[in-house]
Amino acid sequence: MSRDPQVIRVLRPALEKLAIEVEICRGADSGSEILSCEKFDAVIVDCDDLHGGLGVLETLRRTASNRNSITFAILNGHTTTREAFQMGANFVLQKPVSAVSATRCFGTAIGLMLRERRRYFRHPVEIPVTLVFGEGQQLKATATNLSEGGMAVFFRGKLPKGGLSNVAFRLPGGEIPLEPKAQIAWINGSGRVGLRFIELPAKTREQLDSWLTAQPEKPAKKI
């Protein structure tokens, strides 16, 4: 997110060398609108030279789609590095930004970006699951996708009263049932529900991580 042609000239090739798809936005208002409805692996904000840029950095962690995205703050001296980190930046680049510093910074961050992609990317599945509610009621459903952070399920009938306690399922090809604690993130009214995992025991996380790692590689990262 920048209007600085020199910044864009330096950053675009550095990102493309890492096979990262780049979307450039030259306004803070339009950028905020995009960030409110699209998910990005990382966000780069020209904080000091883009009108409203610092505000975007300050509010980014409160957006539903990108609160966990890896964030880069570009500064020119008005905002300190410490202030940028306090506002939620993961990395800071100082102007003038050189190709060497950009490449080094993005090379360091790529692992975090891939980790974030794995966390939110939903892999298509079709596996039976059991939703367990607070009063002990159970509902049979079918998971349609799965990620490290949750799953989407399809069910028939009505949701039992009381809050969701946990969900029980086996990974494709797995023998040991997983029973992470979960909560309902969204309901679309046609029998589809999004679940968010809120507590995964160490063994459950290990199995899920191993399964996700074994899935086919997905399209290029977006920033």
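1. Helices H2 and H3 run roughly parallel to each other. This is a predicted model. Why does the pair count as roughly parallel? The axes of H2 and H3 cross at roughly 20 degrees, and angles under 35 degrees count as roughly parallel. H2 spans residues 28–37.

2. Two packed helices are described by the angle between their axes and the distance between the axes. You have the angle already. As for the distance, the axes of H2 and H3 come within 9 Å. The crossing of these helices is right-handed. Which residues make the contact? On the H2 side they are Ala-28, Ser-32 and Leu-35. On the H3 side they are Gly-53, Val-56 and Leu-60. Find these in the structure above.

3. Now the charged side chains. How many salt bridges does a search of the whole structure find? The count is 6. Start with Lys-95, which bridges to Asp-4. Their closest N and O atoms are 2.9 Å apart. Lys-95 sits in the loop between strand S4 (91–94) and helix H5 (99–120). Asp-4 belongs to the segment before helix H1 (5–16).

4. Is Asp-49 buried, partly exposed or exposed? At a relative accessible area of 41%, Asp-49 is partly exposed.

5. Another salt bridge joins Arg-12 and Glu-16, at 3.9 Å from N to O. A salt bridge needs these atoms within 4 Å, so the pair counts. What separates the two residues along helix H1? They are 4 residues apart, which means about one helical turn. Arg-12 is partly exposed at 35% relative accessibility. Glu-16 is partly exposed as well, at 46%.

6. Turn to the aromatic rings. The structure holds 3 aromatic pairs. In one of them, the ring centres of Phe-72 and Phe-106 are 4.9 Å apart. Their planes stand at 70 degrees, so the pair is edge-to-face. Phe-72 lies in strand S3 (residues 70–75) and Phe-106 in helix H5. The pair therefore ties together parts 34 residues apart in sequence. Phe-72 is buried, with a relative accessible area of 0%. Phe-106 is buried too, at 0% relative accessibility. Phe-72 and Phe-106 form one aromatic cluster with Phe-91.

7. A further aromatic pair is Phe-169 with Phe-197. Stacked or edge-to-face? The planes are 10 degrees apart, and the pair is stacked. From centre to centre the rings are 6.3 Å apart. Phe-169 is in strand S8 (residues 164–169), while Phe-197 is in strand S10 (residues 192–199). The pair links distant parts of the chain, 28 residues apart. Phe-169 counts as buried at 3% relative accessibility. Phe-197 is buried at 8%.

Conventions: Residues numbered from 1 in each chain as written. Predicted model: local features only at pLDDT ≥ 70, side-chain atom pairs only at ≥ 80, totals over all residues. Heavy atoms only, no water. Buried < 20%, exposed > 50% of the residue type's maximum accessible area, 1.4 Å probe, protein only. Phe/Tyr/Trp six-rings, centres within 6.5 Å; stacked < 30°, edge-to-face > 60°. Axes fitted to C-alpha atoms, helices over the stretch in contact; angles between N-to-C directions. Parallel < 35°, antiparallel > 145°, perpendicular 65-115°, else oblique. Left-handed = near helix turned anticlockwise from the far one by under 90°. Contact = heavy atoms within 4.5 Å.
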